[in-house]
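User: Could you help me learn to read helix packing and a ligand site?
Analyst: Happy to; let's look together.

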Amino acid sequence: MAKIPHRLYLTEDQMPKQWYNLRADMKEQPDPMINPATMKPATEEDLYPVFCKKLAHQEMDAQTRYVDIPDEVLEMYKMYRPSPLIRAYNLEKALGTPAKIYYKFEGNNTSGSHKLNSAIAQAYYAKDQGLTSLTTETGAGQWGTALAEACSYFGIPLTVYMVKVSYQQKPFRKAIIETFDGKVIPSPSDTTEIGRKILAENPNTSGSLGCAISEAVEKAVTTEGCRYVLGSVLNQVLLHQSIIGLESKIAMEMLDEYPDIVIGCAGGGSNLGGLIAPFMQDKITGKADPRIIAVEPASCPSLTRGRYAYDYCDTGKVAPMARMYTLGSGFIPSANHAGGLRYHGMSPILSKLYHDGYMEAVAVEQTKVFEAATMFAKLETILPAPESSHAIRTAIDEALKCKETGEAKTILFGLTGTGYFDMAAYSAFLAGSMKDYIPTDEDLKRGFDGLPKIPGIQE
Ligand SMILES: *Cc1c(COP(=O)(O)O)cnc(C)c1O
């Protein structure tokens with residue numbers, strides 16, 4: 001057989017024209033979302049003030065298996081997709097493993113992450129509905145960047161509330177968002193009621209994600225034609241990210257390969273949910289039985305140490321509540337350099353699959369993650385994002401297990417992005433000053449104590 005190439009790019013024509021909705025094949029559905037205003041299961045109409053109509057429909061639609069990707073979205077996808085499937089020959093060789101390691105690289109666009117796949121869809125549907133502006137928050141900055149790119153392309157004004165400490169520490173992220181005409185406001189700010197209140201109480205605060213979300217939401221609901229958008233966790237976001245898995249599956253079929261193990265990092269679950277979608281379909285329908293592994297930081301262990309409970313998806317408590325693995329919406333993870341993995345909960349779809357035994361999860365410490373990241377950078381010449389490097393860590397660990405057992409397993413992992421804006425983290429690792437933080441049971445209890453009480457459902 002011909003040697004498998006290092007990089008396999010599908011042609012534009014081979015790019016999927018439909019997203020895949022994993023819920024259509026799930027044996028049991030995630031529990032219904034609850035409207036916090038009524039404490040009753042949320043309806044599609046309940047979501048209209050928060051999401052635009054087509055996205056609200058996608059959020060609730062568990063039946064439609066394949067959803068057409070609008071032409072306008074496909075046109076923008078074509079500027080950076082299909083993304084390459086890469087065989088990590090150098091890494092395999094350095095590890096001395098019989099395993100075959102493949103990764104799907106999503107960092108090939110200016111936002112530097114997979115987040116653009118959903119940002120484009122969300123900006124398009126907002127434009128299609130005639131909305132006139134969007135707001136969001138950003139912590140690490142990837143989501144804000146991706147959404148700014150998409151909003152600029154479709155001509156929708158965007159306001160990004162950026163946690164003040166990130167705003168100060170990552171001035172170049174801000175500059176990219178501004179290049180795409182996004183307006184960046186350090187949060188807390190004097191542009192909202194809640195921001196002014198927080199500033200009055202604590203003028204020197206460096207801000208928090210919760211506060212930035214609350215400001216973005218307030219701005220959206222008090223501005224005509226404006227909506228607030230989220231970059232992970234939601235069912236609609238997993239739907240859009242299914243393009244990652246669909247492309248991977250086509251590419252692997254062309255190579256006559258099928259993964260024994262599929263690995264992805266998990267913050268809110270969107271890249272993992274997208275990558276595994278068609279492989280999980282095979283698993284649920286009995287066509288194949290790959291192992292599927294979610295990798296999370298030990299500092300924010302929602303799957304491995306969280307509760308499967310109803311919780312708020314946003315700290316502002318306006319979006320519907322979902323049943324998911326969560327650390328509690330008030331849980332504040334200690335300073336971890338993988339900013340994109342600091343979310344308190346996990347996608348309700350992935351939570352349900354994990355709960356029902358279709359998936360495994362591991363938690364890894366950040367110094368181990370950066371050991372893997374620097375090794376990978378030198379061998380594969382891609383400087384990975386700290387978030388993505390969680391998946392690299394576990395892929396390496398699984399490949400080393402194969403070395404012990406002599407099994408030539410096929411491993412596929414998601415390389416979600418590049419780490420050029422995370423060089424402070426790399427510097428800390430290289431200087432030996434990076435620390436591992438693992439919350440105590442006491443820390444976690446504080447988060448669990450804040451879980452909402454829902455009469456008759458969760459007392
Ligand atoms: C946001 C982000 C993640 C984590 O988000 P998910 O929704 O869990 O995929 C992972 N990698 C990168 C590069 C990110 O920007």
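User: At what angle do the axes of helix H14 and helix H16 cross?
Analyst: This is a predicted model, where local features need pLDDT of at least 70, side-chain atom pairs count only at pLDDT 80 or more, and totals for chains, interfaces and linings use all residues. Residues are numbered from 1 along each chain as its sequence is written, and side-chain values use heavy atoms, with hydrogens and water left out. Helices are DSSP runs (H or I, at least four residues) numbered from the N terminus. Axes are lines fitted to C-alpha atoms over the stretch in contact, with angles from 0 to 180 degrees between N-to-C directions. Here H14 (residues 366-380) and H16 (residues 423-430) have axes that come within 10 Å and cross at roughly 100°. H14 is therefore roughly perpendicular to H16 (65 to 115 degrees).

User: Which residues of H14 and H16 make the contact?
Analyst: Contact means heavy atoms within 4.5 Å. H14 brings Thr367, Phe370, Glu371, Ala373 and Thr374, while H16 brings Ala425, Tyr426, Phe429 and Leu430.

User: How many residues surround the ligand, and which are the closest?
Analyst: A residue counts if one of its heavy atoms lies within 4 Å. The ligand has 18 residues around it, with Lys115, Ser232, Gly267, Ser270 and Thr416 the closest.

User: What is the distance from an oxygen atom of the ligand to the polar backbone atom of Gly267?
Analyst: A polar contact is a pair of N or O atoms within 3.5 Å. For the Gly267 backbone the distance is 2.7 Å. A side-chain N or O atom of His114 is 3.1 Å from a ligand oxygen, and for a polar side-chain atom of Gln142 the value is 3.3 Å.

How values were computed: Helices (H or I, at least four residues) and strands (E, at least two) are DSSP runs, numbered from the N terminus. Angles under 35 degrees count as roughly parallel, over 145 as roughly antiparallel, 65 to 115 as roughly perpendicular and the rest as oblique. A polar contact is a pair of N or O atoms within 3.5 Å; within protein, one must be able to donate a hydrogen and the other to accept it, and residues adjacent in sequence count only if both atoms are side-chain atoms.
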